[in-house]
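Try each task before you read its solution.

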Amino acid sequence: MDALPRGIMPFPAPDLPEAVAHGFRAAVDEAARHVGATAPNPPVGCALLDRDGVILAVGGHHRAGTPHAEIQAINQCRERGLLDRAHTAVVTLEPCNHTGRTGPCSQALLATPVRTIWIGLRDPNPHVEGGGADYLHQHGCSVHVLQPVPTHAAALAACRSLLAPFAHFMRTGQPWITVKQALDATGSMVPPAGQTTFSAPASLDLAHKLRRATDAVITASGTIRTDSPALTVRRVADHPGRAPRILAICTRMGEVDEAYLLAARARGFDVRVCTDIAALPDMLGQAGVTWAMVEAGPALLAEIVARNLWHDWLTITADGSGMDRYDVRVREGDVTPLRLFPELSGMKE
Ligand SMILES: NC(=O)C1=CN([C@@H]2O[C@H](COP(=O)(O)OP(=O)(O)OC[C@H]3O[C@@H](n4cnc5c(N)ncnc54)[C@H](OP(=O)(O)O)[C@@H]3O)[C@@H](O)[C@H]2O)C=CC1
Ligand SMILES: Nc1c(N[C@@H]2O[C@H](COP(=O)(O)O)[C@@H](O)[C@H]2O)[nH]c(=O)[nH]c1=O
């Protein structure tokens, strides 16, 4: 059967069986564990279910160049002697159908007993010729892609949160940019003398989880002069062996203290100095950054707002009680990868 143009194949969308919804939650959670380590690839998760809907294995993509989520799940099943029972694959992103750094997942799935495939989102990568969904359908599988219908809404929202930075990166060649802004009870961003932060411990944990999840941090020379910030992942375990995070330092003057630059490189950063913030998204995109976080002072944030350079914005407001308030704004639409964090999401079970 000839391939139909993408979008024509309807991939009918029955109600989501509870077992498949459960599979999506497991697949998203597994993929989310590796967010920040997969760029320039997307984070992807895959659950394999038996005929009764029991989850046999859950795989996630760990790093570009290493096996995709489907292969991880298949290998786990095989190692445990469970592959004969595999019946349904639940994948957050359409299985690939091309040989890149690894082989096609569509064919790997066909080599198993799996014949029912639930897909969260079609692959937004325009360079991936021939969708895996069409291929699997043409080879006799029952293929379903999540649709914007009420029974799919929670699973679809989770898959969109997971894929938002990569989808944006594919569409524009630029990273998704998250601003994290901490405010004190008076609305000031400036810490008391002798301190660089004032947020509650749980908020600092969240800030470090965000550092772990993002491929680059954007700061500016005012913050460096005042705080000499480390900007490293410290309060949570970082991804072992990840590619160096990029530290983009904005300065119109192009002058950054040499000792700071040396120290930042010694901390493992790939440091880039940026004299024109308008050029920063392209610069980061060309370096393969899919998601970047801004940790800079009021002057740079004003520039970012004036130029519409942000996609979502987390405000952490401290009132001194130790229970900070979190507000998430999304510049366009309602999809944000910030919803992946339990602290910022009501989506978790
Ligand atoms: N509460 C929070 O969340 C945070 C608070 N802070 C606090 O903020 C304070 C520092 O803030 P602030 O003084 O406003 O400094 P910023 O960190 O905002 O840095 C300002 C500098 O950014 C550079 N810059 C401005 N516009 C551009 C542009 N268009 N392109 C490239 N570079 C540009 C300029 O550098 P140059 O002069 O070199 O040309 C400017 O001086 C500190 O007290 C720090 O603790 C910092 C981060 C987060
Ligand atoms: N003040 C403030 C933040 N500020 C950011 O954290 C930087 C310090 O990072 P580090 O040197 O790695 O501990 C500081 O320079 C600024 O970029 N972050 C927050 O979550 N809450 C806060 O209250």
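**Exercise 1: A strand inside the fold**

In this predicted model, all five of the five residues of strand β7 (residues 216–220) are buried, so the strand is largely enclosed by the rest of the structure. Task: find which residues of β7 point one way and which the other way.

Solution. Start with a general idea: side chains in a regular strand alternate between the two faces of the sheet. Now go along the strand. Ala216, Ile218 and Ala220 point one way from β7, while Val217 and Thr219 point the other way. To call a residue buried, we ask for 20 or more other C-beta atoms within 10 Å of its own. The residues on both sides of β7 are buried.

Next, look for a partner. β7 pairs with strand β8 (residues 246–250) in the parallel sense, over five bridges. Opposite Ile218 you will find Ala248 of β8.

**Exercise 2: A helix and its cover**

Task: compare the reach of helix α1 (residues 18–32) with the expected value, then find what covers its buried residues.

Solution. Step one is the length: α1 has 15 residues and reaches 21 Å from its first C-alpha to its last, close to the 21 Å expected at 1.5 Å a residue. Step two is burial: the buried residues of α1 include Val20, Phe24, Arg25, Val28 and Glu30. Step three is the cover, which includes the strands β1 (45–49), β2 (55–60), β3 (88–93) and β4 (116–121), as well as the helices α2 (69–79) and α5 (153–172).

**Exercise 3: Around the ligand**

Task: describe the shell around ligand 1.

Solution. Begin with the count: 27 residues surround ligand 1, and the closest are Ala220, Gly222, Thr251, Gly297 and Ala299. Finally, see where they come from. β6 (176–183), α7 (221–227) and α10 (298–306) each supply at least two residues, and α7 gives the most, with five.

**Exercise 4: The whole chain**

Task: decide whether the radius of gyration agrees or disagrees with that of a compact globule.

Solution. The protein chain has ten helices and twelve strands. With 349 residues, a compact globule would have a radius of gyration near 20 Å; the chain has 21 Å, so the two agree. As for burial, 42% of the 349 residues count as buried.

Notes
Residues numbered from 1 in each chain as written. Chains lettered and ligands numbered in written order. Predicted model: local features only at pLDDT ≥ 70, side-chain atom pairs only at ≥ 80, totals over all residues. Near = placed C-beta within 6 Å. Helix = DSSP H or I, 4+ residues; strand = E, 2+ residues; numbered from the N terminus. Rg over C-alpha atoms; globule rule 2.2 N^0.38 Å. Buried ≥ 20, exposed ≤ 12 C-beta atoms within 10 Å, placed from the backbone. Expected span 1.5 Å × (residues − 1). Contact = placed C-beta atoms within 7 Å. Pairing = 2+ DSSP bridges.
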